[in-house]
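Subject: Structure handover and findings

Dear colleague,

Please find below the structure I am passing on to you. My findings follow after it.

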Protein chains: 2
Amino acid sequence: MDVAKKIVLVVLDGGGDRPTVGKKTPLMAASRPFLDHMATEGILGIMDVIAPGTPPGSDTAHLSLLGYAPEEAYTGRGPFEAAGVGINVRPGDIAFRGNFATVKDGMVVDRRAGRISDTRQLAEAIRTRVHLDCEFIFKESVGHRAALVLRGEELSPMIRSTDPLHAGEPIVSSTPLKDDDSSTRTARIVNEFTRQVHLILKDLPINRERERHGQLPANMVLLRGAGAVPHLVPFEQRTGLKAAVIAATALVIGIGKLTGMQYFPTKGATGHINSNIEGKVDNVNKALKDHDFILLNIKGADEAGHDGNFDVKSKFLSHVDRVLSKLDIDDSIITVITADHSTPVSLKEHSGDPVPFLIRGKGVRTDQTNEFNEFYAAQGGMHRIRGLDMMPVLMDLLGLRKKFGA
Amino acid sequence: MDVAKKIVLVVLDGGGDRPTVGKKTPLMAASRPFLDHMATEGILGIMDVIAPGTPPGSDTAHLSLLGYAPEEAYTGRGPFEAAGVGINVRPGDIAFRGNFATVKDGMVVDRRAGRISDTRQLAEAIRTRVHLDCEFIFKESVGHRAALVLRGEELSPMIRSTDPLHAGEPIVSSTPLKDDDSSTRTARIVNEFTRQVHLILKDLPINRERERHGQLPANMVLLRGAGAVPHLVPFEQRTGLKAAVIAATALVIGIGKLTGMQYFPTKGATGHINSNIEGKVDNVNKALKDHDFILLNIKGADEAGHDGNFDVKSKFLSHVDRVLSKLDIDDSIITVITADHSTPVSLKEHSGDPVPFLIRGKGVRTDQTNEFNEFYAAQGGMHRIRGLDMMPVLMDLLGLRKKFGA
């Protein structure tokens with residue numbers, strides 16, 4: 001079999017958009033010599049990562065792109081965040097994303113506790129002094145972020161989270177979203193966590209110190225994204241491909257870890273537009289030496305989309321184009337460039353618009369398109385596929401798909 | 001209604017491919033005056049005969065193209081092969097493809113018994129002297145091929161077949177693939193068949209004779225492709241179209257027969273690149289006189305793909321183009337040219353790449369494409385459809401689809 005042997009899947013997080021300035025999308029307005037060269041050699045298409053008109057989350061989108069039906073695997077974002085921050089989650093665990101926050105008289109003053117950066121002492125106090133009616137694991141992450149895992153029997157993700165999502169609103173009292181014992185019990189445990197965390201944090205010296213310096217105290221942890229850790233068949237077991245994940249955000253790292261991929265940390269990878277994406281591309285080149293499948297997530301475009309900043313998004317994509325040109329790829333590697341979802345600057349949120357994609361490498365049919373953006377992708381030879389189609393298509397290019405029939 | 005009245009569905013078996021020599025596919029490199037003329041007058045598209053990235057078997061592919069969901073109708077290739085060699089199979093029968101083979105001390109020496117050509121006496125010996133714990137029908141086919149049907153209660157297709165698929169390996173002892181009585185019983189019957197067949201064949205005078213002449217004895221029948229004969233609603237009952245099948249391979253003939261089509265045998269139709277495809281086209285023209293739907297399968301491109309021979313595949317497709325130009329078709333006949341799957345010469349196996357198709361005839365919309373190959377098909381006005389979409393599209397062109405709603 002004369003086929004390609006490896007796959008590099010590059011996900012420009014939130015990279016898709018809508019025509020805005022001069023009827024162009026940020027990707028259309030970007031300088032793309034490398035991506036256009038790839039488009040010329042490869043084939044383009046558009047992809048409904050979930051389904052037409054459905055805005056994907058980054059979590060469900062990445063699961064789909066990796067071939068895991070989110071309808072089966074996904075109950076909430078918490079499990080992937082928790083795995084991403086380094087908690088060794090187990091199937092059945094109930095996991096949450098958490099924010100260190102400032103509260104006063106039951107109201108949320110600041111959801112990020114004045115963008116606190118070092119929460120190690122606070123997290124340690126929670127770990128040692130909180131006592132719940134089940135085993136729990138709490139871990140701080142970058143900035144104000146953290147993750148909580150509840151472990152044991154009779155737990156459920158079907159509960160209301162405590163984060164009201166907006167400052168000025170009261171802390172949400174968790175309630176069961178399903179009328180069963182485990183949901184009722186889990187809501188009670190979460191409320192107990194909230195109560196104890198506030199009692200412990202509010203009087204910690206570090207918070208007193210912050211207040212003395214006019215900083216907001218981190219006297220609460222708000223929880224959201226409750227989910228049950230799914231049992232995911234490891235990616236390598238499903239595909240035979242030894243896989244690596246290169247990403248900055250806990251979510252994508254967590255999805256990689258939960259599917260058994262090796263995580264290559266990148267110094268200076270922040271998930272922002274100032275991220276060290278050169279370092280990430282170096283890591284891809286390193287990982288390619290002894291891995292067959294590399295998932296590279298580049299986050300900045302999503303952030304610029306959420307900020308509604310066309311120029312920043314477009315310039316970041318031009319920067320990505322320059323950096324991606326340093327990928328050590330040739331015909332023996334199936335390279336895919338796509339996005340997990342569109343984050344139109346006009347919307348400042350994920351949209352259900354299809355994302356553009358290109359596939360290039362040995363055996364890939366070419367088409368007449370020579371530019372990589374939303375406009376040309378819609379003319380591409382792959383037409384329109386779904387996110388869950390991507391892995392079968394790529395596996396087939398490696399000659400690894402099983403025939404249905406004889 | 002001013003609509004076309006008939007359909008000719010031409011399946012270039014394994015005709016699709018990947019860009020290989022000079023970035024062209026064999027079909028792109030072929031001379032195609034007729035097909036390009038059809039493309040100019042008709043509309044093109046690409047088709048996932050099963051699903052994106054799923055390599056179809058010829059069996060599941062033809063079922064899909066004829067509108068039978070293989071997920072429902074298909075348990076294995078045996079039933080279609082058995083029907084194709086002329087066994088009058090019944091729903092519920094368990095059927096196998098078989099090879100006359102040479103074995104020694106339980107090991108397979110040659111899966112084709114030195115490409116034996118006349119197995120009539122051997123088959124007759126099996127029919128008269130083998131005694132099983134159920135009714136059975138055994139029939140020789142062309143060359144070393146044969147088919148076995150087991151009939152009765154308590155039989156199951158969920159068993160391991162006896163053919164190891166490679167010479168130098170031991171005959172497989174059949175075992176149940178499902179923990180139930182019927183699978184256990186069927187595996188036992190199959191092993192008993194294997195035992196008796198060897199005892200009977202090894203001492204037959206014809207085999208002694210072969211050995212004296214230095215030829216390999218045909219002292220075994222290896223079985224594979226176990227499947228239960230499905231109940232298929234006859235094609236004419238489903239569509240109202242009186243149908244005919246013109247093909248060389250037992251598989252496609254069998255699918256035609258099992259769906260109630262009339263089989264038009266063609267002298268010299270071999271399924272190889274030397275096949276009498278002129279005769280097949282003559283048969284199409286003959287069948288068109290009193291049939292409404294003709295399935296024409298032309299096999300050679302698949303063989304060349306499996307052999308990995310680009311030039312042979314491309315030249316065969318040029319030859320096909322010349323011969324198809326003799327089809328007696330006009331605007332009143334919806335003509336479809338497509339493939340059941342791609343068999344890329346670079347892969348030597350079926351792939352999950354979409355296949356190109358064209359549709360031409362009265363009422364068909366046209367598009368801007370004027371060439372028939374994978375590259376232009378991907379720009380065609382039909383975009384990308386699935387195999388199961390084809391029959392509804394064709395029936396609709398005949399004005400025969402039932403309105404959904406009012």
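**Nonpolar cores**

Of the 54 residues in the largest nonpolar core, the members that touch the most others are A:Leu66, A:Phe235, A:Phe293, A:Ile334 and A:Ile359. Please note that this is a predicted model. Leaving aside residues up to four places away in sequence, A:Leu66 is in contact with A:Leu9, A:Phe235, A:Ile255, A:Met261, A:Phe293, A:Leu295 and A:Met391. There is also a second, separate core, which has 53 residues, among them B:Leu9, B:Val245, B:Leu258 and B:Met261. In soluble globular proteins, nonpolar side chains tend to be buried together.

**Aromatic pairs and charges over rings**

Over all chains, the structure holds 13 aromatic pairs. One of them joins A:Tyr74 and A:Phe80, whose ring centres are 6.2 Å apart with 5 degrees between the planes, a stacked arrangement. A:Tyr74 is partly exposed, because its relative accessibility is 25%, whereas A:Phe80 has 0% and therefore counts as buried.

A:Phe138 and A:Phe193 also pair; their ring centres are 6.1 Å apart and their planes stand at 40 degrees, so this pair is tilted. It connects distant parts of the chain, since A:Phe138 belongs to strand β5 (residues 135–140) of chain A and A:Phe193 to helix α7 (residues 181–202) of chain A, 55 residues apart. A:Phe138 is buried at a relative accessible area of 2%, and A:Phe193 is buried at 0% relative accessibility. Both belong to a cluster linked by ring pairs, together with A:Phe100 and A:Phe136.

In chain A, the charged end of A:Arg238 sits over the ring of A:Tyr68, 4.2 Å from its centre. In chain B, the charged end of B:Arg238 is placed over the ring of B:Tyr68, with 4.2 Å to the ring centre.

**A buried loop residue in chain B**

B:Val89 lies in the loop between α5 (78–84) and β3 (94–104) of chain B. Its relative accessibility is 12%, so B:Val89 counts as buried. Not counting residues up to four places away in sequence, its contacts are B:Pro79, B:Ala82, B:Ala83, B:Val149, B:Arg151, B:Val229 and B:Leu258.

**Relation between the chains**

Yours sincerely

How values were computed: Residues are numbered from 1 along each chain as its sequence is written. Chains are lettered from A and ligands numbered from 1 in the order in which they are written. This is a predicted model: local features need pLDDT of at least 70, side-chain atom pairs count only at pLDDT 80 or more; totals for chains, interfaces and linings use all residues. Side-chain values use heavy atoms; hydrogens and water are left out. Helices (H or I, at least four residues) and strands (E, at least two) are DSSP runs, numbered from the N terminus. Buried means under 20% relative accessible area, exposed over 50%, partly exposed in between (1.4 Å probe, protein chains only). Contact means heavy atoms within 4.5 Å. A nonpolar core is a set of buried Ala, Val, Leu, Ile, Met, Phe, Trp, Tyr and Cys residues joined through side-chain atoms within 4.5 Å. Rings of Phe, Tyr and Trp (its six-membered ring) pair if their centres lie within 6.5 Å; planes under 30 degrees apart count as stacked, over 60 as edge-to-face and the rest as tilted. A charge sits over a ring if NZ of Lys or CZ of Arg is within 6 Å of the ring centre and within 35 degrees of the ring normal.
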